[in-house]
Amino acid sequence: MAWTRKILRVNLTDRTCKSEPLNMDWARDYLGQRGLATKYLVSEIDPKVDPLAPENKIIWATGPLTGTMASTGGRYSVVTKGPLTGAIACSNSGGYFGAELKFAGWDMVIIEGRASSPVYLSIENDKAELRDASHLWGKTVWETEGQIKSEHQDPQVRVSCIGRTGENGVLYAAIVNDLHRAAGRSGVGAVAGSKNLKAIAVRGTLGVGNIANPKEFMKVTFEKKKILKENAVTGQGLPTYGTQVLMNVINEIGAMPTRNHQDVQFEGARKISAEAMHEPRESDGKAQLINNQACFGCTIACGRISKIDETHYTVVNSPKYWGASGGLEYEAAWALGCANGVDDLEALQYATMLCNEDGFDPISFGATIGAVMELYEMGVLTKEEVGIEAPFGSAKALTYLTEITARSEGFGKIIGLGSKRLCEKYGHPELSMSVKGQEFPAYDARGVQGMGLTYATSNRGACHLRSYTISSEVLGIPVKTDPLTTEGKPALVKAFQDATAVVDSSGLCVFTTFAWALSDIQPQIQAACEGDWSMERLDLMGERIWNMERQFNNAAGFTRKDDDLPKRLKTEAAKVGPAKGLVSGIDKMIPEYYDLRGWDQEGRPTEDTLSRLGL
Amino acid sequence: MQKSLHIDPSKCTSCLQCEMACSFENYGVFNNSLSRIKVFDFHHSGAKVPYTCTQCDEAWCMHACPVEAIKLDKDNGAKVVLEDVCVGCKVCTIACPFGTVNYVAETGKVQKCDLCGGDPACAEACPTGAITYVDANWTGLERMRQWADKLGNQTA
């Protein structure tokens with residue numbers, strides 16, 4: 001068994017930390033991480049709870065393969081009810097924190113209540129205690145991590161924490177670990193902030209030793225690592241270019257949401273692409289990209305380490321940003337760049353650093369700026385209100401708005417509400433490019449039809465990581481499907497959703513699935529965890545997790561009308577590119593998807609479905 | 001032929017597969033804190049550097065040990081800690097100029113890289129070739145080859 005079989009339950013109101021045994025019956029049905037933490041959450045909270053109330057809980061959870069030599073085995077998830085959406089929130093992160101938590105002997109940390117003053121949780125193996133964090137409140141992520149390491153006199157302590165945005169209730173505040181890896185979406189950081197919880201600092205020296213079949217595990221993980229190395233995406237594309245490998249690809253197929261989804265191609269895409277990050281700059285002759293970095297145990301290493309141009313207007317007087325730092329990922333480059341028509345690569349690097357430094361989701365933030373710029377161009381928002389002239393394409397506006405959002409100052413407070421609330425406030429709810437209140441990521445639902453259904457039905461609001469059909473519709477993995485048609489997409493989306501739910505519950509990274517099928521992951525789980533972990537069982541588990549999340553959302557008040565896309569994507573056709581003339585066929589796909597799911601036409605799982613899944 | 005570990009930091013991604021392979025080989029557990037090789041991640045520069053014992057010929061640790069608990073493995077040149085002889089006095093940890101022999105509180109003994117008896121698990125696990133196990137007399141061979149390539153194939 002690769003679980004530690006121990007949960008740490010922390011009550012912030014009572015200031016207690018208690019160890020309890022992991023419910024192994026649940027572990028067998030929900031594996032770990034996303035699935036298992038969600039099972040705990042939905043069993044313990046009222047679905048209608050205010051996400052920022054003490055009655056909400058927030059869970060840090062590892063998977064059975066976290067902290068092992070399985071490639072990418074370093075993931076952890078943060079699960080709670082999200083304030084941006086009011087739906088289930090599950091954000092996962094890499095870096096080194098997840099493995100360290102497992103090494104300290106914990107599968108999961110469940111946080112309850114609210115502390116009367118700022119605290120952080122310190123974990124050293126089985127010793128867990130709440131410590132005063134008054135002196136850390138108001139500090140950035142980077143300052144917090146530095147200070148905790150210094151106070152603990154231990155450079156090896158790993159920190160998962162919030163920045164100022166989490167404290168200030170920015171509804172898409174993230175939880176950041178290892179300086180620039182984030183449980184990024186749905187505002188999990190705001191939940192931590194609402195509880196006066198600044199950070200979890202962990203040092204684990206116990207390791208993971210309870211592998212069911214160690215010899216087989218070493219053999220099979222070694223074989224599977226070879227597959228990752230030999231695959232063009234995981235062996236070459238991602239290590240060399242990172243996720244930014246997609247910038248030119250997605251732009252060429254006309255699925256690049258541009259200027260708040262008014263366009264589907266961005267004329268400046270090349271200037272902010274992976275290739276551009278590799279090219280020497282005019283100013284100093286150096287490339288922005290320094291090298292790539294892996295998360296714990298990852299043999300792909302897609303992470304970017306970059307250095308900003310020291311002469312750029314954003315940092316010329318701020319040497320603290322001159323060092324190497326987390327670089328642009330595709331989603332951030334899109335949201336900060338294409339969504340706003342900004343093609344200044346250095347400005348985007350600056351903005352992405354601020355998102356890391358103060359812990360907020362660049363996708364939701366960037367997409368919200370897209371809406372701000374559209375409202376500005378319409379004359380609804382003025383320079384006086386925003387604080388700067390903010391037309392599409394203005395890098396100065398983007399970086400200024402990033403700064404005031406990081407500090408929650410002035411108009412930054414309104415940006416921190418996300419596009420849905422912001423657009424409603426200014427009388428144009430139709431301009432929020434979101435589902436269930438969460439902003440779209442970097443693929444236009446007109447140019448890649450399956451992604452429209454992915455967004456509409458994602459349990460945590462619009463998200464690409466719940467069923468990344470780009471793999472099939474664009475990259476041909478495992479089989480090529482036509483991105484322009486809705487045909488077959490409900491089945492494709494369902495299959496991806498269920499498989500991804502298993503990956504997200506294992507401790508592994510979903511990026512492995514560019515090269516691995518679930519059948520490549522299954523033997524790794526089988527070797528690590530005792531008992532039967534057949535494909536049939538995992539398939540059913542994925543579906544069970546999906547339906548459990550859905551039930552929670554339904555009970556929270558979501559209905560069929562929430563499984564929809566903004567009017568723009570359904571009525572304003574793509575103007576150029578392969579998808580020219582097309583709108584999203586979401587209305588055609590939903591009924592078929594519900595049928596395939598075994599749900600009624602209101603989107604509720606039928607009794608048969610629930611009993612088949614053991615829910 | 002004697003072989004030695006060769007480290008090329010420019011290829012390291014800090015995935016820590018080497019550390020886990022080391023702890024698993026020696027203790028049967030994935031536990032980076034027990035690894036004899038360590039990867040250092042220098043955030044400010046982006047450099048990531050694996051570091052471990054280089055098996056000095058005139059090994060300070062071996063000479064300093066008062067109970068002769070560190071022995072030469074003649075097959076591969078490794079300086080090996082004999083756990084049943086080591087008394088945990090830590091003098092070797094002071095003598096080593098590089099810090100690569102360390103005390104393990106849990107066992108009361110010191111530990112250092114022993115080249116896994118001639119088949120180092122870290123080199124096998126490294127996915128990028130940052131850690132290789134090569135002819136000790138020719139650790140510079142790959143770098144020479146790169147320059148030779150430049151000289152012979154890339155000059156105009």
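## Ground rules

This is a predicted model: local features need pLDDT of at least 70, side-chain atom pairs count only at pLDDT 80 or more, and totals for chains, interfaces and linings use all residues. Residues are numbered from 1 along each chain as written, chains are lettered from A and ligands numbered from 1 in written order, and side-chain values use heavy atoms, without hydrogens and water.

## The interface

Chain B brings 25 residues to the contact and chain A brings 38. Contact means heavy atoms within 4.5 Å. About 2,200 Å² is buried between the two chains, and carbon and sulfur atoms give 57% of that. Buried area is the accessible area (1.4 Å probe) that two parts lose on being put together, summed over both. In chain B, B:Gln17, B:Phe30 and B:His43 lose the most area to chain A, together 26% of what that side buries.

How many salt bridges link chain B and chain A? The count is zero. A salt bridge needs a side-chain nitrogen of Lys or Arg within 4 Å of a carboxyl oxygen of Asp or Glu.

## A sheet in chain A

Strands E13, E14 and E15 of chain A form an open, antiparallel sheet in that order. Strands are DSSP runs of E, at least two residues; helices are runs of H or I, at least four. Two strands pair if DSSP finds at least two bridges between them. E13 (289-293) and E15 (325-326) of chain A are the edges, each with a single partner strand, so one side of each lacks a neighbour in the sheet.

Four bridges join E13(A) to E14(A), residues 303-306. A:Asn291 has A:Ile305 in E14(A) as its bridge partner.
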